[in-house]
Amino acid sequence: MTILIKNISHLVTMDDTGSEYRDGWILVDGRSIRALGDGEPPPPEKGEARTQIDACGAMALPGMINTHHHLYQTFQRAVPRVQDAKLFDWLVGLYEIWRELTPDDVRISAQVGLGELLLTGCTTIADHFYVFPKGQSPHLLDETIDAARQLGVRFHPSRGSMSRGRSQGGLPPDDVVQSPDVILSDSQRVVERYHDADRFSMCRLALAPCSPFSVTDDLLAESAKLARSLGVRLHTHLAETRDEETFCLQTHGCRPLAYMEKVGWLGSDVWYAHGVYLNDAELSLMASTGTGIAHCPTSNLRLGSGMAPIPRAMDLGVPVGLALDADPSTDASDMIRELQTCTLVHRVGTGVESMPARRALWIATRGGARVLGRDDVGMLAPDMAADIVLFSLDDIGLAGAMHDPLAALAFTTGIRRARWVMVNGQVVVDEGRLVHLDEKELLVQANRASGAMVARATARTGLDFLSPTRSGADGKRAEGST
Ligand code: ZN
């Protein structure tokens, strides 16, 4: 059976020539696109059963790609204790809540994050799960994979890990880190169980030790060897803050990228989240080796980490994808807002011409596909995956913006939710609602579970996570507050 999406008011393909059509159509055959164009669509072939979808008044885009996320953190949006903290203090505060993770928490928080991502036009999601509290199920990552299957997203879960606890000079508490042996054997288990390398794959694993300040040298080197023997990609956080740079200089005697080079972490099978503190020589090295960046602009702003040199990285040829990072630092799993932040933030400092709307959307689609090593998503064209998003163009916020509907997505507030989303030929959002989950019921479950996690963390530590670190209505910090 084929599906014809017809009467598309504005069809954005993101192909190599940037083709966009008024009054377009897309013909979907199974999990891929058979043909697309404008004007009159081809009639059904003999014996072809065809369903039609009327996309009048809508803009069609390739599903966007989120190259770095932590779905298990969805329950920690706007936590008062760390609202105004820098990365290291933010992590130290949140580790105490994450120690309380249960399989149900991981599954429900993943459903929330994945659901919001789908509703904002994101169809391929790379997630980084790295907290495995002692005494808890060792199969928490599996819960995120189950949630992705349920919602119908294209998923790139990373088997994250931490092996350098506080007793070894690392940042995380010792009871959320694991030994390299346990990490490597579970990494092998999840790859063998879930990884699918085929074209149109819905699940591809990566190995992802968390960061230079939470893992040991041997784990990084051994993870690289294991990933390459299994044919999966490598991922971690890198060059996110000045504090991390100082840690690497003091602990390893070199800057973060030089350290990663020493342990075998450069190549077209590697991508790093953030890349805020990379100089020209480092960006050139990444470009020449095909090492990618997952750019997280909102998270970098929220934590005051800095502004990644993305226009410069792209000019030098570094693969760059867009990413949301974490809900406690982005406070949303909203791909449209991320696209907007990316479009705006580089104009300060790098110049107003450095990030046109179409360049930001390129990062969110084609750039993400390259970072994740995919040749089947990020573009609407024959023989590409049928990952298609329709946005309605009838909101008052779009009045006066119909000169350029695509730019309106990046600049206006007239497009907040997808009207219809297809992933791999399957409809997963219809009339603005998730097909496979009840959003209202999920919200109730999530708020209950989120509150319970904080209550357990407070009972164990005595810490008050719900009091802001400010005093007074003007938010001015109290003397001695932390
Ligand atoms: Zn992250």
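Predicted model: local features only at pLDDT ≥ 70, side-chain atom pairs only at ≥ 80, totals over all residues.

Tutor: Residues are numbered from 1 along each chain as its sequence is written, and side-chain values use heavy atoms, with hydrogens and water left out.

Let's begin with Asp-175 and Arg-99, whose side chains form a salt bridge at 2.6 Å, N to O. Asp-175 sits in the loop between strand S9 (154-161) and helix H4 (180-194), and Arg-99 in the loop between helix H1 (87-98) and H2, so this pair ties together parts that are 76 residues apart in sequence. Those element names are DSSP runs numbered from the N terminus: helices are H or I with at least four residues, strands are E with at least two. Asp-175 is partly exposed at 29% relative accessible area, and Arg-99 is partly exposed at 22%; the cut-offs are under 20% for buried, over 50% for exposed and partly exposed in between, with a 1.4 Å probe and protein chains only. Asp-175 and Arg-99 also belong to a network of salt bridges that links them with Glu-96, Glu-100, Asp-105, Arg-456 and Arg-460.

Now turn to Asp-387 and Arg-154, which meet in a salt bridge of 2.8 Å, N to O. Here too the pair links distant parts of the chain, 233 residues apart: Asp-387 is in the loop between helix H14 (357-371) and strand S16 (388-392), and Arg-154 is in strand S9. Asp-387 is buried, with a relative accessible area of 4%, and Arg-154 is buried at 0%.

The side chains of Arg-358 and Asp-404 form a salt bridge at 2.9 Å, N to O. Arg-358 lies in helix H14 and Asp-404 in the loop between S16 and helix H15 (405-411), 46 residues apart. Arg-358 counts as partly exposed at 33% relative accessibility, and Asp-404 as partly exposed at 26%.

The zinc ion is coordinated by His-68 (NE2), His-70 (NE2), His-237 (NE2) and Asp-325 (OD), at 2.1 to 2.2 Å. Donors are N, O and S atoms within 2.8 Å of the metal (3.2 Å for Na, K and Ca), and water is not among the atoms, so sites may look incomplete. Along the sequence, the donor residues follow the spacing H-x1-H-x166-H-x87-D. His-70 is in strand S7 (residues 69-70) and His-237 in strand S11 (residues 233-238), so they tie together parts that are 167 residues apart in sequence. His-70 and His-237 are both buried.

Ala-239, in the loop between S11 and helix H6 (242-252), has phi near 55°, a positive value in a residue other than glycine. Ala-239 is buried, at 2% relative accessibility. Asp-331 has a positive phi as well, near 60°. Its place is in the loop between helix H11 (327-330) and helix H12 (335-345), and Asp-331 is partly exposed at 26%.

Two further contacts are given by C-alpha distances. His-436, in the loop between strand S19 (433-434) and H16, is partly exposed at 41%. His-436 and Gly-115 are 321 residues apart in sequence and 9.3 Å apart in space, C-alpha to C-alpha. Gly-24 lies in strand S2 (residues 20-29) and is buried at 1% relative accessibility. From Gly-24 to Leu-36, the C-alpha distance is 7.4 Å, with twelve residues of separation in sequence.

Definitions and conventions: Salt bridge = Lys/Arg side-chain N within 4 Å of Asp/Glu carboxyl O.
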